[in-house]
Amino acid sequence: MSAPQSAVPPVGAPMNSSSTYVFPLLVMTSLFFIWGFITSLNDILIPHLKSAFELTYVQAMLIQFTFFGAYFLVSLPAGALIRRIGYQNGVSVGLGVAALGCILFYPAAAIQQYWLFLAALFVMASGITLLQVSANPYVAVLGNPDTASSRLNFSQAINSVGHTVGPLFGALLIMNGDHTQVAESADPAAVQLPYLMIAAFLILAALVFKFLRLPAIAGDNSDLGGASHTSAWQYPHLVLGAAAIFLYVGAEVSIGSFIINFISLPEIGQIDERTAAQYLTLYWGGAMVGRFVGSAVLQFVRATRALAFNAVLAIGLLALVILVEGRIAMWAVLAIGLFNSIMFPTIFSLGIRGLGAHTSQGSGILCLAIVGGAIVPVLQGVLADSVSVSMSFTVPLVCYLFIGWYALVGANKH
């Protein structure tokens, strides 16, 4: 750690008051807003670049494949890097790499080559992976292990604020033309200014984090067998949690990626894509509201029960999306965001319970599983191209079935 740590005791040391953790919790939570904002812009890029380059659904979903594919390639090296340089330095490096990716959007738009956009997305996502591997375990371990799910849900609620604001920002600065004639009006150069603005903010944030004084963390001190294992891979609840993260992120990203195209269909919402982009904020806004509520509810309700409840409701809403048309299907797909809310932070906190010294490795494994956001949208794209957009929502429905099983059975396999 570059900044002196002597004035702030490490997590796990005796503390006189839980208020000692308030500042570092709020500081780390700000990162959740940043990557939520950036990630949600992919849902704007997909229809925008699909129109600009006349892509199929599968080709357009390469945006998510590239972005979340970075998690697969970078998560484990990120975990190893953070063990060497510390969580705080990991945050600064992650912010700097993400800023570089944003800057690369400028030449990609100038040259107007789709593969350059994908390369810029990969670099940006690599930086965000470092942020995720650093911040998620930090927040989970920063205090009482029994309320880890509650803390992560609060931080993820702030993440959802970013997800909610991002589409509005994208609709205003990227989808700023007349999209009734989409193929003629979409301009790749529209992304240059927004991403340069984001890059400037990320560079400033990296400098701020470089000089903050935050407590070092020493892993989860709970005693669920951490000392008897030599690797995080030996914990069944972690491995199954990684599968649940894979499917959850895949489902959440896939649904968000298709919402604009889905609700603009004549048989569903019959609206133009710019208006549909504004409705997208309701999907992410629902997740934001649900996470704030979930942060309070999980102080009293067992995490596994809350997770199972939300999985069942998400399955029911997807059944409506697949089986009916019109505004019922439109509002059903938007409402899924509310029940997505607690899933990621709850699965994450359940997955790293009791890992002890393996917490950093376990975090890397769970972030590795975020690659589901690369795979599942492509699978849904295949079904959308070959059958229909409505039937393609069968793919995320299957994902939620596994999440429900993990909540009831898999999370208890220590």
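## Surface

What does the accessible surface of the chain come to, and what share of that surface belongs to carbon and sulfur atoms? In this predicted model, the accessible surface comes to about 15,200 Å², and carbon and sulfur atoms account for 68% of that area.

## Fold and burial

The chain is built with 18 helices and zero strands. Of its 414 residues, 61% count as buried, a class that takes in residues with under 20% relative accessible area.

Contacts in the chain can also be sorted by sequence separation: among those between residues at least 6 apart in sequence, 85% join residues that are at least 24 apart.

## The cavity

Rolling a probe the size of a water molecule over the atoms shows where empty space is left. When the whole structure is searched, one cavity of 30 Å³ or more is found, and the volume of the largest cavity is about 220 Å³. Its lining is made up of 19 residues, of which Thr39, Phe68, Gln132, His163 and Glu252 are the closest to the centre.

Helices H1 (22-40), H4 (62-85), H8 (148-173), H11 (236-263) and H12 (273-297) are the elements that each give two or more residues to this lining, and the largest share, four residues, comes from H11. By residue class, the lining of the largest cavity divides into nine nonpolar, seven polar and three charged residues.

Key: Residues are numbered from 1 along each chain as its sequence is written. This is a predicted model: local features need pLDDT of at least 70, side-chain atom pairs count only at pLDDT 80 or more; totals for chains, interfaces and linings use all residues. Side-chain values use heavy atoms; hydrogens and water are left out. On a 1 Å grid over the protein atoms alone, a cavity is a set of points where a 1.4 Å probe fits but cannot get out, and a pocket is an open set with protein on both sides within 12 Å along at least five of seven lines; lining residues have an atom within 4 Å of a point. Grid points are joined across faces, edges and corners, and a volume is the space filled by probe spheres set on the points. Ala, Val, Leu, Ile, Met, Phe, Trp, Tyr, Cys and Pro count as nonpolar, Asp, Glu, Lys and Arg as charged, and the others, Gly among them, as polar. Buried means under 20% relative accessible area, exposed over 50%, partly exposed in between (1.4 Å probe, protein chains only). Contact means heavy atoms within 4.5 Å. Accessible areas come from the Shrake-Rupley method with a 1.4 Å probe; for residues, only the protein chains shown count as cover.
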